[in-house]
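The following note sets out numbered points for discussion. Please read them alongside the sequence and the coordinates.

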Amino acid sequence: MRETIIRLSSSALKSAAVALVLSAVAYFAGVNVVMTFTISFIGQFVIFYLYGSFLELKAAQIVKEQQLKELEILSRITFTINCASCKQSNEVVINANDENHFECEHCKAKNSAYITAEAALVTTPISNKI
Ligand SMILES: [Zn+2]
C-alpha cells in the first residue's frame, strides 16, 4: 500500500513537471498557461492508462499462448505400438486431441493408432497378515 502511494506520488510529480515545462512553452508561445497545464497533466494520465491497459492485454495474451503450448505438449504421449501389418514395435507420439497416424519403421505400412480405455476391478485385501 505504501509503495503504491509512493509510486502514484512520484508519477503525479513527474506528470506535473512535464506539464510545467509544456506550460512554460505555452507561456512563451502566448497560449493559455492554465489550460495547457491542465490538459497536459490530465492527458498524461489518460495516455499512460491506455498504454498500461495495452501492456496488460499483451501480457495476458502471451500467458494464454504459453498455456496453450504447455497443454499441447502435455497432450502428447509416446507409446510403443506394434504395427498392424508386420507386428514390429514402433515408438509413436500420440496426441490425445487428434487422430493419430504413423508409418511403420520396418515395413513402411500406414497405421492408425486408437486410444482405448479399459476398466479394472478395484479389490481390497482380505487380510494384511501373511
Ligand atoms: Zn510394419
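1. Secondary structure. Along the sequence, the protein chain follows the pattern α-α-β-β-β-β, with two helices and four strands. Helices here are DSSP runs of H or I with at least four residues, strands are runs of E with at least two, and both are numbered from the N terminus.

2. Basis of the model. This is a predicted model, in which local features need pLDDT of at least 70 and side-chain atom pairs count only at pLDDT 80 or more, while totals for chains, interfaces and linings use all residues. Residues are numbered from 1 along each chain as its sequence is written.

3. Domains. The protein chain is divided into domain 1 (2-73) and domain 2 (75-113); such bounds come from an automatic or database domain assignment. The C-alpha centres of domain 1 and domain 2 are 55 Å apart.

4. Overall dimensions. The radius of gyration of the protein chain is 33 Å, whereas a compact globule of 130 residues would have a value near 14 Å. This radius is taken over C-alpha atoms, and the globule rule is 2.2 Å times the number of residues to the power 0.38. Along the principal axes, the C-alpha atoms fill a box of roughly 90 × 55 × 20 Å.

5. Of the 130 residues in the protein chain, 3% are buried (buried: 20 or more other C-beta atoms within 10 Å of the residue's own; exposed: 12 or fewer; partly exposed: in between; C-beta atoms placed from the backbone). Among contacts with a separation of 6 or more, 16% are between residues 24 or more positions apart; a contact requires C-beta atoms, placed from the backbone, within 7 Å.

6. Strand β1 (residues 76-82) runs antiparallel to β2, and seven bridges join them; strands pair if DSSP finds at least two bridges between them. Arg76 stands opposite Asn95 in β2. Six residues lie between the strands of this hairpin of β1 and β2, where Lys87 takes a positive phi near 65°.

7. β3 and strand β4 (residues 110-113) are antiparallel and joined by four bridges, with Glu103 having Lys110 in β4 as its bridge partner. Six residues separate β3 from β4 in this hairpin, and Lys108 in the turn has a positive phi of about 60°.

8. Asp98. Where does Asp98 lie? Asp98 is in the loop between β2 (89-95) and β3 (100-103). Asp98 is exposed because 10 other C-beta atoms lie within 10 Å.

Notes: Contact = placed C-beta atoms within 7 Å.
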